[in-house]
Amino acid sequence: CALYVLPPGFVESSCHSRIFWMKLNKLLLQGKFFQLEINDPYAGPVLLDEKLSSRCGYVLSEDVWGNPVFRASVLGCHVANEADELFSLTVNIKVSSFSTMRAAVTYIYPMYCSYSYWASREIVCEENYMEVSVKTDVPAVSNDFTVAWMSALPETQNVAYQLWQLMFVSPSGRKRITVSDATKLGYSFNNTLSRVYLRAPYHSNESDTSMVSGVNMNMVTSTSMYRQRWLLLLIDTTVSCPVDGISFTDTALTWTVPSVIPTLVVQESTFLSKNILMGVDGRVIVKPEEKNYLLEHNKTHIGITVPIGAEGGRLKSSVSGGVYGVIYSIDLFLEHTWTDADWQTTKYTVIKSITTPFVPQIPIVINNTLPEERLFNVAFGHFLPDVSLVAIAIGNVPFTLREAQHHRFKIYETPFSNRTKGFILEVPFDDPYVLKEYVNRNETKYILLINYTISVGPEMTLYYHSAEVQCVVADIELPEAVGYCDEENLYLAIPTFGLHQYWNLYLGNKLLNRQVALTHGYLPATNSTHLILQIPLFAVGVIYEDVSFQKIKARFEVALRKVRTMETLQMFSVSCSFNSSSFIICHPDGTIMISAQMKTVPSIDMSKTKLRDSSCKPREYNEGHAFFKFHVTSCGTSVRFEGDHIIYENEISYEKETLPRQSIPTITRDPDYRLTVLCYYRAKETLVLGAFASDPSTLTPFGSGMMVTRSNIAVNRRTRQALNVVSRVSKDESFMEFYEPNTAIFKRPVEPVFLEVEVKDESLNTELYLEDCWVTRSLDFNSTPRWNITVDGQVVTEQPMCS
């Protein structure tokens with residue numbers, strides 16, 4: 001046969017608490033299969049299986065790091081025993097690349113253990129078996145023949161001669177069986193030179209479970225019996241081991257074992273605890289507090305508390321239900337030595353592998369971004385070493401790590417405290433996958449949407465985590481406009497950077513786009529950096545701050561507003577004074593201002609010019625000009641509708657002076673003069689009537705005017721007077737009694753309102769058409785809310801009555 005030499009570092013073995021310990025290196029077993037065989041000195045190799053393990057005192061498991069671990073009691077089935085002091089066991093380690101163990105390589109590994117200081121009773125509570133060994137001090141057999149001892153213990157008269165028998169006491173009664181029968185039930189009983197031992201599986205039919213100090217204990221109550229001539233040997237081989245006693249918090253685990261076990265200590269008054277030791281991974285911890293372990297005991301309990309993540313155990317990453325978390329495992333053992341009157345010294349050893357339940361550990365995203373660097377710096381953690389980052393998605397665009405590096409992203413690992421790690425991601429603000437949002441006056445919000453994909457544990461389970469990181473930077477400069485004028489126009493030069501991306505220009509509440517500009521008579525022009533807006537002096541939207549004889553102070557302004565919120569950030573304004581010999585301005589409140597240049601031959605006296613109402617004289621004048629200011633409801637102004645416009649019309653005229661003579665014809669000194677004045681308003685716009693008007697200088701004109709010189713033939717045309725319209729609110733449906741003007745009227749929503757609108761005009765051609773009529777809460781008819789009475793001439797149902 002071939003002899004194979006063990007690879008270096010493949011096997012590590014020791015002897016602790018009269019137990020063989022052997023550990024195999026999992027790294028040298030990667031991708032391979034292995035089996036253990038126990039070398040029986042007489043029968044040869046025996047394959048280790050689960051049934052053999054519990055009966056013979058063997059354990060095959062893994063430590064917290066996944067390395068295979070084999071433990072064997074020095075009283076195991078195939079252990080060579082020399083005077084209960086030297087023990088040896090040989091194990092065959094078979095390794096194969098095939099699950100069938102074909103072409104396996106066998107390594108022979110002998111183990112040795114010395115153990116000479118036995119206690120009177122020793123109990124071992126292993127993972128899969130309970131074992132008790134008892135020292136047998138048998139006196140010499142007397143030569144006197146008597147049968148008196150047999151009558152003293154009638155129950156033992158049936159004990160076989162020179163044959164060990166076992167008596168079990170359980171809730172189901174007493175059972176006396178031979179050792180061979182006990183072996184068939186999974187027990188192992190034998191004696192050495194100075195000891196008798198019994199090994200039992202947990203939860204056998206002959207066992208019982210009871211609670212001791214809050215801990216469930218599995219117990220086998222048995223007596224080992226042996227009769228030889230004048231000797232009847234009765235040995236208590238009762239064993240009891242804890243099966244639970246583990247509790248967890250979010251930060252620690254606690255293992256509790258009873259200090260006094262009644263079935264093992266009959267005379268509790270004589271109980272005295274002598275020594276308590278704890279160990280991790282088979283090694284005794286002399287000073288537990290140095291490793292943050294807590295070993296404490298009192299009259300009822302012994303407790304070991306271990307912080308989750310403490311040295312000696314293993315934190316392992318896991319994913320459960322799509323949630324990342326950790327599992328902590330540690331291999332502990334407890335050794336308690338006590339004395340009592342019955343047993344002198346008892347050594348009680350418990351070996352326990354403990355694994356916590358899944359503990360969620362939601363990863364955190366730390367924003368370490370420095371705005372001045374214009375670079376996102378995002379840390380993602382904390383993770384154990386068994387976690388790796390495999391992919392990311394930025395703005396829902398997936399990247400492998402290699403692709404991310406090619407795309408100017410930087411990804412690297414960084415160590416954290418408590419032996420954890422994290423992943424750093426760096427992304428420039430200007431990357432196309434970074435979202436940008438304009439906020440406040442001059443700030444940009446940069447938004448980084450990240451989706452991490454990590455591989456967890458040796459199983460490489462994928463875990464996904466999404467995060468959103470934001471950074472607001474004051475990196476936008478608000479534009480500044482430049483205004484200037486020439487003789488007939490106002491100009492605004494506005495930087496185009498950010499226009500329509502961050503901001504829009506508004507004229508009042510109307511978006512100032514190219515179509516609106518051309519409709520209002522503006523001339524927009526753009527170059528590489530600016531929008532230049534040319535506004536004629538008499539264009540719609542020009543504000544006239546001061547209008548006097550032959551002089552106009554005009555202002556034009558537009559608002560810079562945020563695209564989304566419509567918030568006004570800046571007002572761009574240009575203001576200039578103009579000298580104009582002739583103009584007409586139609587204010588939105590119905591005020592008309594006219595500077596008329598009247599050149600006649602011969603010249604006329606401007607002080608004697610007038611409007612249709614002869615009482616309406618010029619406010620200022622000189623030899624060739626006259627300045628009038630009046631309201632559309634006064635001075636004989638007429639109104640008519642043409643298409644979608646309302647036209648207000650008046651005339652400036654000069655009344656000739658005549659020289660009376662004795663007979664016809666008369667002699668005139670002055671020429672005949674008439675100048676027709678027209679103001680156009682859009683019918684859809686609202687005309688602000690004088691009683692509720694604000695200062696005209698604060699209002700944006702939207703009417704356009706025209707002056708037309710009339711010929712002499714037009715002198716006799718019919719003059720249209722302004723309509724005299726009166727509206728009143730009646731107190732009831734009889735329309736006999738009315739409320740006084742400018743009186744507040746309070747009505748519930750369900751009460752009708754009786755409104756009367758009357759045209760006091762004697763002309764037969766005049767008709768009243770009530771287009772829009774509504775009710776508001778204040779004198780400002782632009783206020784809200786408003787309740788419609790008629791819309792486009794149609795009465796709105798379920799609204800106040802209108803007459």
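I am reading a predicted model, where local features need pLDDT of at least 70, side-chain atom pairs count only at pLDDT 80 or more, and totals for chains, interfaces and linings use all residues. Residues are numbered from 1 along each chain as its sequence is written, and side-chain values use heavy atoms, with hydrogens and water left out.

**Entry 1, ring pairs.** I searched the whole structure for aromatic pairs and got 28. Rings of Phe, Tyr and Trp (its six-membered ring) pair if their centres lie within 6.5 Å; planes under 30 degrees apart count as stacked, over 60 as edge-to-face, and the rest as tilted.

I then looked at tyrosine 324 with tyrosine 463. This pair is tilted, with 5.9 Å from centre to centre and 45° between the planes. Tyrosine 324 belongs to strand S27 (residues 323–340) and tyrosine 463 to strand S38 (residues 461–473), so their pairing ties together parts 139 residues apart in sequence. For elements, I use DSSP runs numbered from the N terminus: helices (H or I) of at least four residues and strands (E) of at least two. Are the two tyrosines buried or exposed? Tyrosine 324 is buried at 1% relative accessible area. Tyrosine 463 is buried too, at 5%.

Next came phenylalanine 399 and phenylalanine 409. Phenylalanine 399 is in strand S33 (residues 397–400), while phenylalanine 409 is in the loop between helix H4 (401–406) and strand S34 (410–415). Both phenylalanines are buried.

I also traced a cluster. Ring pairs link Tyr324, Phe380, Phe383, Phe423, Tyr452 and Tyr463.

My criterion is NZ of Lys or CZ of Arg within 6 Å of the ring centre and within 35 degrees of the ring normal. The charged end of arginine 561 sits over tyrosine 506, 4.9 Å from the ring centre. Lysine 562 lies over the face of tyrosine 438, and here the distance to the ring centre is 5.4 Å.

Which strand holds lysine 347? I found lysine 347 in strand S28 (residues 344–355). Lysine 347 counts as buried, at 15% relative accessibility. Its side chain makes a polar contact of 2.9 Å with the side chain of tyrosine 115. A polar contact is a pair of N or O atoms within 3.5 Å; within protein, one must be able to donate a hydrogen and the other to accept it, and residues adjacent in sequence count only if both atoms are side-chain atoms.

Arginine 555 lies in strand S46 (residues 551–562). At 17% relative accessibility, arginine 555 is counted as buried. Leaving out residues up to four places away in sequence, arginine 555 touches several residues, including Leu490, Glu545 and Ser573. Contact here means heavy atoms within 4.5 Å.

I count two strands as paired if DSSP finds at least two bridges between them. Strand S12 (residues 165–170) and strand S13 (residues 173–178) run antiparallel over six bridges. A hairpin of two residues joins S12 to S13. Phenylalanine 168 stands opposite lysine 175 in S13.

S5 pairs with strand S6 (residues 68–73) in the antiparallel sense over five bridges. Leucine 60 stands opposite phenylalanine 70 in S6.

How values were computed:
Buried < 20%, exposed > 50% of the residue type's maximum accessible area, 1.4 Å probe, protein only.
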